[in-house]
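Hi,

Here is the structure I said I would pass on.

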Amino acid sequence: MKKFTFAAIAAVSAVMMFACGNGAPKASLKSDVDTVSYAIGMAQTQGLKDYLVGRLGVDTTYMDEFIKGLNEGANAGDDKKKAAYYAGIQIGQQISNQMVKGINHELFGEDSTKTISLKNFMAGFIAGTIGKGGLMTVDSAQAVAQEMMRVIKAKNMEKEFGPNKKAGEDFLAKNAKAEGVKVLDGGVQYKVIKEGNGPLPKDTSLVKVHYEGKTLDGKVFDSSYKRGEPANFRANQVIKGWTEALVHMPAGSIWEVYIPQELAYGERQQGADIKPFSMLIFKIELLEVDPKK
């Protein structure tokens, strides 16, 4: 007999969770068909209890309620009205137990006091499902959701990591007046350690560089010098502050570059050392610019 796990069955048909019907029927094994029916039924439950608890969040205290729903679902046959209802129940539970929790964590992190509006979520979900009555199209909703999630996350991150932003702004304001420091149009500051006389890269140019990156408190988070070999990449394949510096930097130059947080990683954390809203300081040595690439 071909063996099916409950998870495989669940991928094809929804688990029916609600309604009436009482307890398990009593088995009566009077024929071979009776016996094989019972054996198949029991065989299909391998891993089911773990699936119910681990994947569907069923509390085993209420297994009698699960059995009621199971009986009704199994006896519904091909009743399309009931099938639609059961599908709605299953997806609704996924919204409650998985989607909303996941979205809340994405937006608000560990702050359990904040949540999205379930009422508005369901209004949008239902309008998108039935294809009418929506305040926006599904495609535009995806764009709006992506942008608004970014804005909300940034606001929440700024509350937590706002001191990083202020420290960077204060440093740059003072540093801009320091001897030898120049400021590019985009806001990147730099100080020439060695003046090169080679070609200027374009933003699409392939460059070879040695570099060392530090946070404002002086912690080195990356260094090609320590790795013992320079890095090769296109000037536009790095953070915006790097690109702005490179296209003004003749080959052969060594600069100390001060990059505002919005031209670095902004509200994103990068590894363990670069916290959100951190300005960065780099020593950049532009070794070569490939004139053909």
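This is a predicted model: local features need pLDDT of at least 70, side-chain atom pairs count only at pLDDT 80 or more; totals for chains, interfaces and linings use all residues.

Residues are numbered from 1 along each chain as its sequence is written, and side-chain values use heavy atoms, with hydrogens and water left out.

The largest nonpolar core has 26 residues, and the ones that touch the most other members are Val209, Trp242, Leu246, Val257, Ile259, Phe282 and Leu286. (A nonpolar core is a set of buried Ala, Val, Leu, Ile, Met, Phe, Trp, Tyr and Cys residues joined through side-chain atoms within 4.5 Å; buried means under 20% relative accessible area, exposed over 50%, partly exposed in between, with a 1.4 Å probe and protein chains only.) Two or more residues each come from β3 (206-215), β5 (231-234), α9 (240-246), β6 (254-259) and β7 (280-290), and β7 gives the most, with 5. Helices (H or I, at least four residues) and strands (E, at least two) are DSSP runs, numbered from the N terminus. Apart from this core lies another, of 6 residues, including Val100, Leu107, Phe108 and Ile116.

Next, have a look at strand β3, where you will find His210 and Tyr211. His210 counts as buried because its relative accessible area is 15%, and Tyr211 does so because its value is 9%. The His210 side chain makes a polar contact with that of Ser224 (2.7 Å), while the Tyr211 side chain makes one with that of Arg227 (2.9 Å). (A polar contact is a pair of N or O atoms within 3.5 Å; within protein, one must be able to donate a hydrogen and the other to accept it, and residues adjacent in sequence count only if both atoms are side-chain atoms.)

Finally, the surface: Leu135, Met136, Val144 and Met148 make a nonpolar patch of about 440 Å². Patch residues have over 30% relative accessible area and no salt bridge, with like charges joined within 9 Å and nonpolar side chains (Val, Leu, Ile, Met, Phe, Trp, Tyr) within 5 Å; a salt bridge is a side-chain nitrogen of Lys or Arg within 4 Å of a carboxyl oxygen of Asp or Glu. Leu135 sits in the loop between α6 (118-130) and α7 (138-175), and is exposed, at 87% relative accessible area.

Cheers

Note on methods
Accessible areas come from the Shrake-Rupley method with a 1.4 Å probe; for residues, only the protein chains shown count as cover.
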